[in-house]
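Let's take a walk through a structure together, one piece at a time. Keep the picture open beside you as you read.

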Amino acid sequence: MSGTAPAAPSAVGQGLPRLEVREKVFGQALYVDDLVRPRMLHGAVLGSPIPHGRIKTWDKSRALALPGVKAVIVGPELPAHHLGAFIKDEVALAREKVRYIGDAVAAVAAVDPATARQALGLIDIEYEELPAVFDVEEAQKPDAPLLHENYETYIKVFPAEFSGRNVLSISTVSEGNVDAAWAECDVIVEGVYESPAQAHAYLETNGALAEFDAAGKVTVWSCTQSVFKVQAAVSEALGLPMSKIRAIATRIGGGFGGKAEPGTQIIAAMLAQATGRPVKVILARDEDFTMMRVRHPAKVRVKTGAKKDGTLIAREFDATYDAGAYADDSPGVMGFGVLMARGPYRVPHVKCVGRAVYTNKLRTGAFRGFGNPQTAFAGEANLDDLAAKLGLDPLDLRLKNAMRPGDTWVGGQKVEACGLVECLEKLRKASDWDKRRKAPAASKPGRKRGIGVACLAHISGVLATSAIVRLLEDGSFSLNTGAVDIGQGSDTTLAQICAGSLRVPIDKINLVNPDTDASPYNWGTGASRVTYTVGRAVAAASDSVGEQIKQRASMIFECAPADLELREGGMVGVKGVPGKALPYGAVAGFSHFVAGGPIIGTTALMFDGPGFDPKRALLRGVPFSNLGAYVFGVQAVEIEIDEVTGKIEVVEVWSAHDVGKAINPQSVEGQIQGGVVQGIGYALTEWVEWDGGRVVNPSFMDYKIPGALDVPYAIHPIIVEHPEPSGPFGAKGVGEPGLIGVAPAIRNAIAHATGVRLGIMPFTPERLWMAMRGEA
Amino acid sequence: MIQVELDVNGEREALALDGGQTLLDALRVRLGLTGTKLGCNQGVCGSCTVLIDGKPARSCLVLAVGCGGRKIVTIEGIADGAKPSVVQQAFIETGAVQCGYCTPGMILTAEALLRRHRRPSLDEIREALSGNLCRCSGYSKIVDAVKLASERMPV
């Protein structure tokens, strides 16, 4: 693989500007709401007004009578279908039951968005209201309302384990013998840690535009994290063959997991089918807040035991994730949260259990960290409590137990590349940890200062990916992967990997926009996977092209391909003979006549590294067989607390991450800083609030994401590079990690500043103020 | 319908508008200037920021019919042809752009700041940008971009 090339090619390791940056600063980037088609209509979706009920009657006559309304669709008019990434428990529009306030029940197409929304209010649906349940513990009681009466008959795409009322999935991971291990421990600390629902709050709401052609093929433009999931979901819902569906990604205004599963695309397609006209559906902000998905609220009990010297012996973890009304990505999120529960430490005895439970609230799903932020909050807060009880510095405790290269993840997956120790050491130095930890000087009287730390690990990898690299006639290249850049910069990073492998400047690479009509399969953007997994495919396809260039050139030079080398700038030449070389364009021209056209390299792959070891560990109900390359990091946050109000100010943040190799250091820093700020929001100001089944803060006025003055300028990314042997140029992912350790680091900083050890997020002024007075 | 003449990016556009139509809607739907973004439609996120007589304004909260005779500048009116403005160039170089959805509003807010204050401190930049939400960057690199632009501008 290219990673073994002696000198790093010029395109790799540079903070190059985004390929698409000019269109974004010029206001020319086209997001889905910017697209217009001839005779286009506008769609809107009606959500259920009640949290749980049966639909008795539909009457759409008043809505259809409104001038400008072209179609009204209700559930029974759609073909029978089932949707869901892990468990097929959803339909595009409710047919019999509604299960949360906002559950889609009808859709309208009209001449403009205002008319469409006006028509929603004229659709008459009669419900028989059923008792509803909003709390995971209530939902598991024997007499609780049952959300999915036919749960056992649903199709599940993994060996799901479930028992108990409204429990949709249980995952168990255990290793060693926890029950016996407690006797070996000198100190045991147990706690319960609760975290709230966080909204993705991408600045661009979900939306889609669909148009049928005369042959019955539909094109769907949308903001999505996977055009292939869009194609599959539209096929499932409308009963169309996938060959009749073309999904295209527009520019995307942020995703963070919230655009991973299709929704508006199906609505737009069904309305376009019903009207015979293009239909665009763009959710209003409150609709997006109440109808899409949020991060799982979780309640986690953690118990950790150690020797007096801080050697970790055992950990027990028991978590309940609130799935809301539909499974969505819950089995994966919860299962992954459980798999992360030991943390990046050497702990011989571990038992981790999680369950996802239905409630009559908005579905919860993928969101940056995918179950890991909830786990990390609990695990890293608990570890800090353990350090306090042992009288050890929390950073020392982590360093003592940190995973090293060659160690295994829980489940037995061997980890070859692990820069956690270096992350800890660099962070300690950069943050001047020992000094700040010993003498926290507040800026003025009435304020308390503290610094806290949290480690994290995550994966990058997961599922299928592919790449096609084509040499064009003039020696430039076309790169096509189907992987969607949702704003994180993967297009540029992949182009750098391609350019680096083929030793050409990045402007020689044309990045093909994801399009199911043209792109090879890609599961999607998520799981911090694009740089690592898609990057591997890109590097392999590029290397294949490089080998073919050499093979063709060997015919011209009349030598063996092994005697040739690719040279910086896009030349193929004879090794050791500087003057004997040809530009790629000449080889491309030659290929036209001897090899049936330009050179093409294709690769399809999945993570093929070590998997779980069933002899070593027990894994049940975990919807993954193996995951990908593990990534590691550590974060420290310094805060200052106003003792009068309880308000927390984040003063400075250090975030050290082993990324294997930073293909584009500027993008890596951007991912880290952006993740940190989402983590600050998660810890301090962001939570979706329900009154019964109703979301009461579905707006940016009432749901507070951090602004520039709410976070410090000084967020220091620290890039550590321990090359991942299987990664492109040694790289692995960094999309999610920046968020994961922030909340526990802040929580631990609060403990450092005040002695208060909070167990419930977010750390609002009121909550902290009460706790400081012993009224928690 | 109300007849109004808008001056957008130096071009005069005569439009018949509904009295309730926002400037954002008029720019995007009537004039095809889609660089101005709809984020929250209630004046919180700043994605719809344009300059009205040189000052940043939330076009989702401004009625278009009230803008007759005022100079409106959108993101499409900042560059000199294909040459980016100093602020745009700084955003390109510093990695201040991720998904790009907040970018037009950020750039216009920064343009307005630097027109009235050529050498703002980091805190003054943060203050000026505090009404424009970004969900991707964590703000540090956007602040860097504005700082870089300010250093490149003559006092």
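Two strands count as paired when DSSP finds at least two bridges between them. Keep that in mind as you look at this model, which is a predicted one. In chain A there is an open sheet of six strands, and pairing sets their order as 8-13-14-15-7-24, with a mixed sense of pairing. The edges of this sheet are strand 8 (187-195) and strand 24 (617-620) of chain A; each has a single partner strand, so one side of each is left without a neighbour in the sheet. From one strand to the next, the twist averages 5 degrees.

Strand 8 of chain A runs antiparallel to strand 13 (residues 298-306) of chain A, and nine bridges join the two. One pair you can look for is Glu190(A), which stands opposite Lys303(A) in strand 13 of chain A.

What lies across strand 8 and strand 13 of chain A? That is helix 10 (residues 372-390) of chain A, running at about 145 degrees to strand 8 of chain A. Helix 10 of chain A has 19 residues, and from its first C-alpha to its last it reaches 26 Å, close to the 27 Å expected at 1.5 Å a residue. Is this helix mostly covered or mostly uncovered? Mostly covered: 16 of the 19 residues of helix 10 of chain A are buried. Just after helix 10 of chain A comes Gly391(A), with a positive phi of about 70 degrees.

Now let's visit another sheet of chain A. This one is an open sheet of seven strands in the order 3-5-1-12-9-10-11, again with mixed pairing. Strand 3 (69-74) and strand 11 (245-249) of chain A stand at its edges with a single partner strand each, so each has one side without a neighbour in the sheet. Leaving direction aside, neighbouring strands here are turned by 20 degrees against each other on average.

Inside this sheet, strand 1 (residues 41-47) and strand 12 (residues 279-282) of chain A pair in the parallel sense over three bridges. If you find His42(A), its bridge partner in strand 12 of chain A is Lys280(A). Helix 3 (residues 113-120) of chain A packs on the sheet, where it touches strand 1, strand 3 and strand 5 (104-110) of chain A, and its direction makes about 30 degrees with that of strand 1 of chain A. Helix 7 (residues 264-275) of chain A lies across several strands, among them strand 9 (207-212) and strand 10 (218-222) of chain A, and runs at about 30 degrees to strand 9 of chain A.

Next, pick out a single residue. Ala457(A) lies in strand 16 (residues 447-461) of chain A. Leaving out residues up to four places away in sequence, Ala457(A) touches Met340(A), Gly343(A), Pro344(A), Tyr630(A), Val631(A) and Phe632(A).

Time to step back and look at whole domains. The domain assignment of chain A gives domain 1 (2-22 + 463-605), domain 2 (32-130 + 206-282) and domain 3 (298-462 + 612-772). The centres of domain 2 and domain 3 of chain A, taken over C-alpha atoms, are separated by 36 Å. Their contact takes 18 residues from domain 2 of chain A and 20 residues from domain 3 of chain A. On the domain 2 side of that contact, eight residues are nonpolar, five polar and five charged.

Chain B is assigned domain 1 (2-76) and domain 2 (86-152), with 21 Å between their centres. Where they meet, domain 1 of chain B puts in 14 residues and domain 2 of chain B puts in 13 residues.

Finally, how do the chains meet? 46 residues of chain A are in contact with 43 residues of chain B. Helix 17 (665-684) of chain A is one of the elements that give two or more residues to the chain A side, and helix 17 of chain A gives the most, with eight residues. By class, that side of chain A has 22 nonpolar, 15 polar and nine charged residues.

Terms used: Residues are numbered from 1 along each chain as its sequence is written. Chains are lettered from A and ligands numbered from 1 in the order in which they are written. This is a predicted model: local features need pLDDT of at least 70, side-chain atom pairs count only at pLDDT 80 or more; totals for chains, interfaces and linings use all residues. Domain bounds come from an automatic or database domain assignment. Two residues are in contact if their C-beta atoms, placed from the backbone, lie within 7 Å. Ala, Val, Leu, Ile, Met, Phe, Trp, Tyr, Cys and Pro count as nonpolar, Asp, Glu, Lys and Arg as charged, and the others, Gly among them, as polar. Helices (H or I, at least four residues) and strands (E, at least two) are DSSP runs, numbered from the N terminus. Axes are lines fitted to C-alpha atoms, for helices over the stretch in contact, and angles run from 0 to 180 degrees between N-to-C directions. The expected span of a helix is 1.5 Å times one less than its number of residues. A residue is buried if 20 or more other C-beta atoms lie within 10 Å of its own, exposed if 12 or fewer, and partly exposed in between; C-beta atoms are placed from the backbone.
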